[in-house]
Amino acid sequence: MEDAWDIACLLIQLWFSVVVGLIMLPAMCGASLGVTEIYIKVLVKTLEWATLRIQRGRRDRPTLQSQLSNGLIDKEDGSMEEEIEELRGSRPKPLAGGEFSLGDASYFCRKGIESIVEDEVTHRFTSEELASWNLLTRTNNNFHYISARVTIIWGLGVMIRYCVLAPLRITLASIGIGWLAIGTTLVGLLPRSREKDWLSDRVHLTCYRICARGLSATIRYHNKENRPKKGGICVANHTSPIDIVILANDGCYAMVGQVHGGLMGVMQKSMLMSCPHIWFERSEMKDRNAVANRLRAHVADKTKLPILIFPEGTCINNTSVMMFKKGSFEIGGNIHPVAIKYDPQFGDAFWNSGKYNMVSYLLRMMTSWAIVCNVWYLPPMTRQEGEDAVTFANRVKSAIAHQGGLVDLSWDGGLKREKVKEAYKEEQQRMYSSMIVG
Amino acid sequence: MGAAQSGPTEHEFQDIADRTGFSLEQIRNLNKRFKWLNNHQETLRREDFEKVLNLSRNPIRAQIIQAFFDKRNFGMNEVGLVEEIGFEEFLTVMSYFKPSNKKLTEDETEALRTKKLRFLFNMHDTDNDGTITLEEYRDLVEKLLSTCETLEQDTAKDIADAAMLEVARTTVVHMEPHEVYEGVTFEQFQQILKGLELETKMNVRFLQVNTTTMHCGK
């Protein structure tokens, strides 16, 4: 009995020293041992091989074709006016008052059917589909038995992900979060000084780096010279709560959010001690002026860290950027746009909050292959003379969409939960009326 | 892995393909869409169409949705409405908007036009008495025009009335003074819309999606 206990202790000690030595220390210095890079390369090769086997197994189409963008139908590009003109064709217009024609209804009919077959909005709230299989069968609908080899590799993959990687990652994540709480509390005890700020930065960076290792995240930062500076506001597209870890790996930001209870609340309090973040009570959030004032005060103080805001307000599936809420763009100061694009090959980072809660989402993240993403820092933008907040928000949104290769949509992310507002429903009718009645 | 599939199988897809003229690939895609709309149930109901956000902007959404549940459109010479439809009926209604991909003879083109015209007619003729009465016509015009204040209350009514009068003038060759105009019959409907190239305009161009995709459904 005692021998078993000794062996267990030894193993645990070994485990921890491996973790500390190979992962934590490099993380603190910001260095990397290159293990993750090799892992990713091996992964890519394996996935390509698996895909080719599946193609061959299918037997009808041998070459690796990539899927067209989720298109079922080829939509006409004309505006309502053009199309109705075409519809009427060369028919004489015999109607006295108003140019109404019986056949116009067929235009709306067709548009309606097109929407039923495919609409560009709702499929942004579900995960992106991949052209090739990445050996993850989460909710399995399409898996067919192809060959013994692929199944074996898949089985191996499951074992590796759940038995080797997941425990490692969970350990790291807990260490990261624990260290964040403890470290920031300790730093918070110091008096205000430059050293305190520097130390607080170090602690934050280390913890976020450990967390990133805990997700096997490989992040490539582009255009680091445009990194957000103090006294600015950083805006980014939102895909999941992991975005914060991704961005905070490379710089320190002041977070904005609601005060939570429980573990989150404890962390928020300790983070607040070491450097000024902005946490709002639930009641304060309703008062838009108060919110704006607090943000403005923070931005005006040039010694404070840049604020991190996600103007979409909700998680989108990383194929498009939806409407930016104008509140953040009314504050003033420099806006530093950042585009984040995840590579869906290795793991789907999108948090479908209707489907999964936070814990199951994190577990899914930790049992994916890896999180690979690109972060582009865009040059700062400011509101121009005479430009209103909405136009400015759209300008920033286009820049982010363009850089990240995402589709720029003007639909509101809030549609995930609510129905279309009445005002929008009337829009088509208004257009048609103005054509007929003038 | 290999979960028991409810709903049509590949074999049935082939049957449906032969009947409606869609390709196998298109049917598979539409089946996925059908399942998404009705949350993987067996049948589709009216409420399921509310998931399509773009449709809520369409002025005649109610009529379009109604068309899916209208037995007249199922090609079996029945009348009445149903509460829920299966995948086959869904496809049958969709096939009204399918362009033909082969060269058609004069007769075939005419038949296609008539089919599409019938669909449109059924959509207008809500009580299925064989004519589009003034009420039904007015109803449609009101739906298409905006209800906001820039439009007078009676404008919609006036437009509808004027249009009906015009229809009566052009189609009914000979009307006795005491005759009351009943409404637009299908033949008159066909005549009015003679110049309309429905067979090309009332089409949804389904792409021939040529892929070897393995969807990782997550």
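The axes of helix H5 (residues 148-188) of chain A and helix H6 of chain A cross at roughly 170° and come within 7 Å, where axes are lines fitted to C-alpha atoms, for helices over the stretch in contact, and angles run from 0 to 180 degrees between N-to-C directions. H5(A) and H6(A) are therefore roughly antiparallel to each other, a term for angles over 145 degrees. Their contact (heavy atoms within 4.5 Å) involves residues including A:Leu172, A:Trp179 and A:Leu180 of H5(A) and A:Leu199, A:Val203 and A:Ile210 of H6(A). By class, this contact has 10 nonpolar, eight polar and three charged residues, with Ala, Val, Leu, Ile, Met, Phe, Trp, Tyr, Cys and Pro counted as nonpolar, Asp, Glu, Lys and Arg as charged, and the others, Gly among them, as polar.

The model is predicted, and local features need pLDDT of at least 70, side-chain atom pairs pLDDT 80 or more, while totals for chains, interfaces and linings use all residues. Residues are numbered from 1 along each chain as its sequence is written, chains are lettered from A and ligands numbered from 1 in the order in which they are written, and side-chain values use heavy atoms, without hydrogens and water.

Helices are DSSP runs (H or I, at least four residues) numbered from the N terminus. H6(A), residues 194-214, reaches 30 Å from its first C-alpha to its last, and just after this helix A:Ser216 takes a positive phi of about 50°.

In chain B, helix H2 (residues 24-37) and helix H4 (residues 87-95) pack at an angle of about 120°, with their axes 11 Å apart.

Technical notes. Helices (H or I, at least four residues) and strands (E, at least two) are DSSP runs, numbered from the N terminus. The expected span of a helix is 1.5 Å times one less than its number of residues. Angles under 35 degrees count as roughly parallel, over 145 as roughly antiparallel, 65 to 115 as roughly perpendicular and the rest as oblique.
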